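User: I am learning to read protein models. Could you guide me through some features of this one, step by step?

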Amino acid sequence: MTMLLVLQFPEAPRKRASWQATHESFYPEHKKDLTIEDVVKKHVLPFLPAKSLCRFKAVCKAWKEWISNPFFLYRQSYCFQETCGFLYQCPDTFPVFISLDSSAYGVACPSLNFLPEYVIVRATCNGLICCRGTSGDNSYYICNPANRQWHVIPEPNLYHGPESVLVLAHEPSLLNFTASYELVCAIPMINEPVVRFEIFSSRSRTWRVVDTVCSDLISTNFCGDGLYIKGYACWETYCGEVLAFDMRYELYSIFPLPANRGPEGVLTECRGELCYVMPYKLDNNECLLEVYGGMCMGLKHAISFPVGNSVNQDDDEEEEECFRALPCLSGDRFAVLAGWNLVVYDVKENSAESLDLRSIYEGGKFLPYVNSLLPVSHHQMYREIRNVSAQL
């Protein structure tokens, strides 16, 4: 028999009363007291992206204070979780934000030059970005380019070499007034065919090496950083396997990718499920997407749509190199890179739109990005620690 124990702490009623008072002061209690402005504030503004909200701060002083309120900022990060575009970075260059709608989505500083050093973008999750510095200590940073806020993560216990891969996990919540997240790193051991896991928690601000050791992979060579989905950190290996780490129970599982996988495919989230998308270029300037899902990675959907003639006739070789699937977007939207064009296909609307990336594409990495105003506490002691370390 399972027994449920409910522990009540003395400070719990005071916390609940404080939260209730904050909520009641932020939102009118009675419907008869609601005005059109109150309805817009409560039911419209939290569902808008960061760029639109920054413009609406100029409406009046009251709206500026409202949008700057911490309670509103965390509500916006909870209500707005739509993928707005991609953070793109090619080797030895600064990141670029590719917006799917430049009038609605944008960030204040996509190049991340507000950080103290040049960084490589490693992972994104619901508005947060994880980067790693390129200096001697290779520090990890968590930042939000929409508000230029950031902090540095302490040094891990294990050595995170170039073969290590990571996943950033962040689920917005109305109950937290801090950016709560976890950073999960899978680390292949040197001279050993095993993978260890190390987790950083923003709650404790410490790293912890997990007892679980993965020794069942055919190869410990990963295809790059992974993705977070519903409590799992998932990575793709070069041998056609997926390593899934359960962050709650700290157990792992391994399952195979489709037999026809290739460098053009992508492991991604589609309709709330872990999927593998494999694209094919057809002769009539159309793209065929095969979507595989489930633990057995069976074929779920086959979708075709036009991609157009994306390059000049004398660039056929370049066209073949640039054709690949990108991570899926919110709302049943698929993305492929066809030549110099980023083509986004909306399944529900049965329409395709393309963006010309000729001026920026050089074979880099695309990461999905959510335009959120989620606050990230700046690590005030960072510069002092770096100065002391330099003196020593």
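**Reading salt bridges and a helix pair**

Analyst: A search of the whole structure, which is a predicted model, finds four salt bridges.

User: What can side chains of opposite charge do when their charged atoms come close?

Analyst: Such side chains can pair. In this structure, Arg333 forms a salt bridge with Glu82, and their closest N and O atoms are 3.6 Å apart. The pair links distant parts of the chain, for Arg333 lies in strand 20 and Glu82 in the loop between helix 5 and strand 1, 251 residues apart.

User: Why does Arg333 count as buried, and why does Glu82 count as partly exposed?

Analyst: The general idea is a cut-off: a residue is buried under 20% relative accessible area, exposed over 50%, and partly exposed in between. Arg333 counts as buried because its relative accessibility is 14%. Glu82 counts as partly exposed because its relative accessibility is 30%.

User: Which residue forms a salt bridge with Asp225?

Analyst: Asp225 pairs with Arg122 in a salt bridge, with the closest N and O atoms 2.7 Å apart. The same cut-offs apply here. Asp225 is partly exposed, at 25% relative accessible area, whereas Arg122, at 13%, counts as buried.

User: How far apart are the closest N and O atoms of Arg271 and Asp332?

Analyst: They are 2.8 Å apart, and the two residues form a salt bridge. Arg271 sits in the loop between strand 15 and strand 16, and Asp332 in the loop between strand 19 and strand 20, 61 residues apart. Arg271 has 45% relative accessibility and therefore counts as partly exposed.

User: Let us turn to helices. At what angle do helix 4 and helix 5 pack?

Analyst: A helix pair can be described by the angle and the distance between the two axes. Helix 4 (residues 61-68) and helix 5 (residues 70-79) pack at about 65 degrees, with their axes 5 Å apart. Trp66, Ile67 and Ser68 of helix 4 meet Pro70, Phe72 and Leu73 of helix 5. By class, this contact has five nonpolar residues, one polar residue and no charged residues.

User: Which residues of helix 4 are buried, and why are they on the same side of the helix?

Analyst: The buried residues of helix 4 are Trp63, Trp66 and Ile67. They lie on the same side of helix 4 because they cover an arc of only 90 degrees around the axis.

Terms used:
Residues are numbered from 1 along each chain as its sequence is written. This is a predicted model: local features need pLDDT of at least 70, side-chain atom pairs count only at pLDDT 80 or more; totals for chains, interfaces and linings use all residues. Side-chain values use heavy atoms; hydrogens and water are left out. Axes are lines fitted to C-alpha atoms, for helices over the stretch in contact, and angles run from 0 to 180 degrees between N-to-C directions. Helices (H or I, at least four residues) and strands (E, at least two) are DSSP runs, numbered from the N terminus. Contact means heavy atoms within 4.5 Å. Ala, Val, Leu, Ile, Met, Phe, Trp, Tyr, Cys and Pro count as nonpolar, Asp, Glu, Lys and Arg as charged, and the others, Gly among them, as polar. Buried means under 20% relative accessible area, exposed over 50%, partly exposed in between (1.4 Å probe, protein chains only). The arc is that of the directions from the helix axis to the C-beta atoms. A salt bridge is a side-chain nitrogen of Lys or Arg within 4 Å of a carboxyl oxygen of Asp or Glu.
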